[in-house]
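Below are my notes on the model you sent. They are set out as numbered points, with cut-offs given where a term first comes up.

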Amino acid sequence: MSTFEAANFPKLNRRQSLRLGAATAAVGVLTSKELATSTQAATATITPPFTTPFAVALPVYTAKTPVSGLSPPPTQDANTSGGECGRPSHQRETEFPSQKYYEMHAKEAWHSFHPELPVQKIWGYDARLPGPTFVERYGVPITVRIYNDLPAQSIGFGSPEISTHLHNLHSGSESDGFTGDYYSATKYGPTMTASGAYKDHHYPNIYAGYDNPLYAATKGDPREALGTLWYHDHRLDFTGPNVYKGLTGFYLLFDDIDSGNELDTNPKALRLPSGVGKYDIPLVFQDKFFDSSGYLAYDQFNTDGILGNKFCVNGKVQPKFSVERRKYRFRLLDGGPSRVYEFYLTDASGINISFTHISNDGNLFPAPLTTKKVMLGVAERGDIILDFAGYPLGTKLYLVNRMIQTNGRGPDNGARDANGLLLTAGTQLLRFDIDRDPPVPDQSRVPALLRELPPIDLNEVVTTRNFVFGLTNGGWTVNGNLFDVNVATAQPKRGTAEIWVLKGSGNWHHPVHIHFEEGRILSRNGQPPAPHEAGRKDVYLLQPNDEVRVFLRFREFQGKYMMHCHNLIHEDHAMMIRWDIVP
């Protein structure tokens with residue numbers, strides 16, 4: 001294979017690139033790492049078209065509408081004769097029968113990132129970027145039938161098979177979106193048994209701890225509720241380009257405490273700002289790289305991490321959002337592919353404004369935190385409350401990223417003030433236009449107490465496991481090994497607890513995601529976790545040479561799950577393990 005052929009091969013992953021590197025080195029042409037360096041240098045010189053900030057409105061969604069039923073009806077075992085792919089059987093489906101049904105289609109569609117950029121093709125769930133927002137409740141199981149309608153003969157980056165991961169629902173492994181469970185009408189992954197046009201996903205929407213008799217009355221432990229989830233493609237070797245191309249969306253869960261109703265008369269209800277798409281607004285932040293003609297580009301040879309030259313919020317470049325003089329809930333998500341953000345709320349002159357931080361990775365804190373910043377690695381979420389009531393009509397405020405990052409290693413060490421706030425000017429990502437009064441008085445609130453945390457009982461721990469995230473012989477590895485989709489690195493027993501020690505190696509940042517269960521940080525580099533990390537989490541940002549000790553339980557379900565770096569490029573290039581919950 002010539003250097004020219006290698007540079008133009010659209011679907012090269014880490015294992016392929018390592019093989020290419022060995023072969024090309026023998027004949028005296030560029031290795032894959034050298035080629036990656038050269039392509040990074042080339043892309044750094046590209047200037048995309050200018051785009052006027054705040055020229056387009058922020059897209060906001062209301063809840064996706066369920067259907068009355070599915071045809072053919074869903075079955076516990078895969079209905080391959082009816083067109084479904086060959087998946088494992090749904091666990092506990094008869095115990096948690098679905099009460100709602102949805103259809104969702106992964107499609108190629110035309111999309112406008114900005115009026116000053118060309119309309120171009122993306123991949124989106126229901127042909128949208130981001131995909132539709134699911135608004136669900138604990139205790140109401142659902143089935144989502146996801147059709148793969150992507151073109152089989154795709155052009156450019158990405159691979160048109162899908163495996164949709166719902167991050168981080170407590171569900172059976174067959175509906176988790178395991179990376180090898182990808183499918184299309186003509187292809188299927190190594191952990192599937194047949195191709196198919198669709199796959200049924202059974203989401204029980206139960207609290208963790210459901211099987212514990214102590215929580216029989218509440219059907220699980222309400223202290224373990226997760227509110228802000230998101231879904232995205234997880235296709236083996238091509239998660240990065242497929243998500244970058246648009247395959248992502250939000251999934252929100254409510255219960256009696258976080259009820260989604262600011263007028264709720266239930267004394268347990270928090271009455272946070274509510275109304276998804278009105279006063280409760282999910283925001284996915286994704287930086288995109290546009291070429292000199294204004295078209296989305298993806299450097300398949302950059303194995304360090306992809307950084308964009310424009311910032312998108314809900315699929316639009318630097319949008320604006322019209323708000324009333326009242327409280328809003330914003331659910332921030334770092335949708336990747338590789339950037340770490342540090343968000344600030346500022347006025348037009350750049351002065352930082354305090355706001356309220358209420359959750360991390362979708363888990364409500366015991367009490368709200370007053371802060372001036374929220375830092376998120378890829379896949380981390382942070383719910384915040386912004387109160388616009390005290391500002392004059394016509395005021396404009398900005399959500400700003402002050403974190404500077406110039407390569408895939410992670411953010412630069414910018415100067416900070418005595419309070420730990422970055423001094424860089426940063427980039428204005430989203431403008432809030434305070435242009436009207438609410439039609440009725442704001443009755444939402446942010447109470448002093450949110451959601452209690454469950455205790456950590458270290459007597460439950462049966463073992464401690466160590467995982468080192470590093471670079472070995474040019475490949476991203478965990479414990480020195482590349483990912484093997486068929487081999488379980490760990491096999492925790494259902495009903496037990498363990499401590500997982502996550503260690504970073506070298507001068508890299510790795511946002512480590514553990515599927516299925518929320519964990520609790522016991523220590524970071526020997527110290528107790530900071531207040532915003534002291535609750536339940538599912539993404540643990542490892543800064544260079546960090547060591548994070550995490551308490552995990554394994555409950556209710558079994559089967560194959562994953563842990564990986566959520567820098568999408570690192571996970572595509574084998575920084576991932578399979579782990580199985582066994583009886």
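**Notes on the model**

1. Basis. This is a predicted model, in which local features need pLDDT of at least 70, side-chain atom pairs count only at pLDDT 80 or more, and totals for chains, interfaces and linings use all residues. Residues are numbered from 1 along each chain as its sequence is written, and side-chain values use heavy atoms, with hydrogens and water left out.

2. Overall build. The protein has 5 helices and 33 strands; these are DSSP runs numbered from the N terminus, helices being H or I of at least four residues and strands E of at least two. Its radius of gyration is 23 Å, close to the 25 Å that the globule rule gives for 583 residues, so the protein is as compact as a globular protein of that length. The radius is taken over C-alpha atoms, and the rule is 2.2 Å times the number of residues to the power 0.38. Along the principal axes, the C-alpha atoms fill a box of roughly 70 × 55 × 50 Å.

3. Of the 583 residues, 59% count as buried (buried is under 20% relative accessible area, exposed over 50%, partly exposed in between, with a 1.4 Å probe and protein chains only). Among contacts with a separation of 6 or more, 77% are between residues 24 or more positions apart, a contact being heavy atoms within 4.5 Å.

4. Second largest pocket. This pocket holds about 390 Å³ of space. Its lining has 20 residues, and Tyr138, Gly139, Tyr207, Thr218 and Lys219 lie nearest its centre. The lining divides into 10 nonpolar, 4 polar and 6 charged residues. Here Ala, Val, Leu, Ile, Met, Phe, Trp, Tyr, Cys and Pro count as nonpolar, Asp, Glu, Lys and Arg as charged, and the others, Gly among them, as polar. On a 1 Å grid over the protein atoms alone, a pocket is an open set of points with protein on both sides within 12 Å along at least five of seven lines, a cavity is a set where a 1.4 Å probe fits but cannot get out, and lining residues have an atom within 4 Å of a point. Points are joined across faces, edges and corners, and a volume is the space filled by probe spheres set on them.

5. Largest cavity. By this rule there are 10 cavities of 30 Å³ or more. The largest cavity contains about 110 Å³. It is lined by 13 residues, with Asn168, His170, Glu224, Leu226 and Arg536 closest to its centre. Its lining comprises 7 nonpolar, 2 polar and 4 charged residues.

6. Second largest cavity. About 90 Å³ lies in this one. Of its 13 lining residues, Glu224, Glu518, Arg520, Phe551 and Arg553 are the closest to the centre. The lining divides into 5 nonpolar, 1 polar and 7 charged residues. Strands β28 (519–524) and β31 (547–553) each supply at least two lining residues, and β31 gives the largest share, 3 residues.

7. Backbone exceptions. Most residues other than glycine have a negative phi, and most peptide bonds are trans.

8. Positive phi. Asp126, in the loop between β2 and β3, has phi near 55° and is partly exposed at 23% relative accessibility. Asn205 likewise has phi near 55°, but is buried, with a relative accessible area of 0%. Asn205 sits in the loop between β6 (198–203) and β7 (228–233).

9. Ala109. This residue of strand β1 is buried, with a relative accessible area of 13%. Leaving out residues up to four places away in sequence, Ala109 touches Gln120, Lys121, Ile122 and Ala127.
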